[in-house]
Amino acid sequence: MNLRIYGNRPLKTLPGMTTRPTLAKVREAVFNIWQTNIVGCRWLDICAGVGSMGAEALCRGASLAIAIEKYGPACAVIHQNWQLVARSSQEFQVLRGDVLKRLKVLVGQKFDLIYFDPPYASDLYQPVLEAIAQYQLLAPTSELAVEHSPEGLSVKSVSTLEVCRQKVYGNTALTFFRPEQEERLTNLVDV
């Protein structure tokens, strides 16, 4: 598969369907929505596949990108791809393993933008959203985008997170979350 990102930069991919990179039109839509928030942001890529979303974030000026991916060969490709695009002033890290265990390692860190793209049929949606909320991984003015099937995102409400927009792009849907208004105000006052 030929995969190119911002600036027409080629990325490495893996053969087969073990990982499925986010479609170009979806990547473009996400980065158009978040365009004013990318430069200097702290980016978390959950179920990162080959890391195309994080690579795009690095190309567009993210200061930090962290990937969580379970599949070992994909982790190697993420590292190679991010090494190709990252500037010396940018940091990145690839965490291999079970997503829920790896999220726990990030307790105490805050991310400006989080992209979560599990296999659509997985049972990861609810526990990962709950972990993000429980571990307070979202900064007060941050957003989380969840990629899923256009048939809908079947999650119960998650305390401290609210849906702020939903988009459908063919066979891909995105639901965007942000910290609840009360949570954002409390965190901003505490700063």
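Student: At 22% relative accessibility, what does Thr160 count as?
Tutor: The model is predicted. Buried would need a value under 20%, and exposed one over 50%. Thr160 has 22%, so it counts as partly exposed.

Student: Near what value is the phi of Thr160?
Tutor: Thr160 sits in the loop between β7 (138-148) and β8 (161-169). Most residues other than glycine have a negative phi. Thr160 is not glycine, yet its phi is positive, near 75°.

Student: Is Cys47 buried or exposed?
Tutor: Cys47 belongs to the loop between β3 (42-46) and α2 (52-59). Its phi is positive too, near 60°. The cut-off for burial is under 20%. The relative accessible area of Cys47 is 16%, so this residue is buried.

Student: How many bridges pair β8 and β9?
Tutor: Strand β9 spans residues 172-179, and seven of its eight residues are buried. In the hairpin of β8 and β9, two residues lie between the strands, and Gly170 takes a positive phi near 65°. Val168 stands opposite Ala173 in β9. The pairing is antiparallel, and its bridges number eight.

Student: Which residue in β9 is the bridge partner of Glu147?
Tutor: β7 and β9 run antiparallel, joined by five bridges. In one of these strands, β9, the partner of Glu147 is Leu174.

Student: Are the rings of Phe31 and Trp43 stacked or edge-to-face?
Tutor: The structure holds five aromatic pairs. In this one the centres are 5.4 Å apart and the planes stand at 15°. Planes under 30 degrees apart count as stacked, over 60 as edge-to-face.

Student: Is the pair of Trp34 and Phe176 stacked or edge-to-face?
Tutor: The ring centres of Trp34 and Phe176 are 5.7 Å apart, with planes at 85°, so the angle is over 60 degrees. Trp34 is in the loop between α1 and β3 and Phe176 in strand β9, 142 residues apart. Both are buried. By its plane angle, the pair is edge-to-face.

Student: Which residue lies over the face of Phe176?
Tutor: Phe176 forms one aromatic cluster with Phe31, Trp34 and Trp43. At 5.0 Å from the ring centre of Phe176 lies Arg165.

How values were computed: Residues are numbered from 1 along each chain as its sequence is written. This is a predicted model: local features need pLDDT of at least 70, side-chain atom pairs count only at pLDDT 80 or more; totals for chains, interfaces and linings use all residues. Side-chain values use heavy atoms; hydrogens and water are left out. Helices (H or I, at least four residues) and strands (E, at least two) are DSSP runs, numbered from the N terminus. Buried means under 20% relative accessible area, exposed over 50%, partly exposed in between (1.4 Å probe, protein chains only). Two strands pair if DSSP finds at least two bridges between them. Rings of Phe, Tyr and Trp (its six-membered ring) pair if their centres lie within 6.5 Å; planes under 30 degrees apart count as stacked, over 60 as edge-to-face and the rest as tilted. A charge sits over a ring if NZ of Lys or CZ of Arg is within 6 Å of the ring centre and within 35 degrees of the ring normal.
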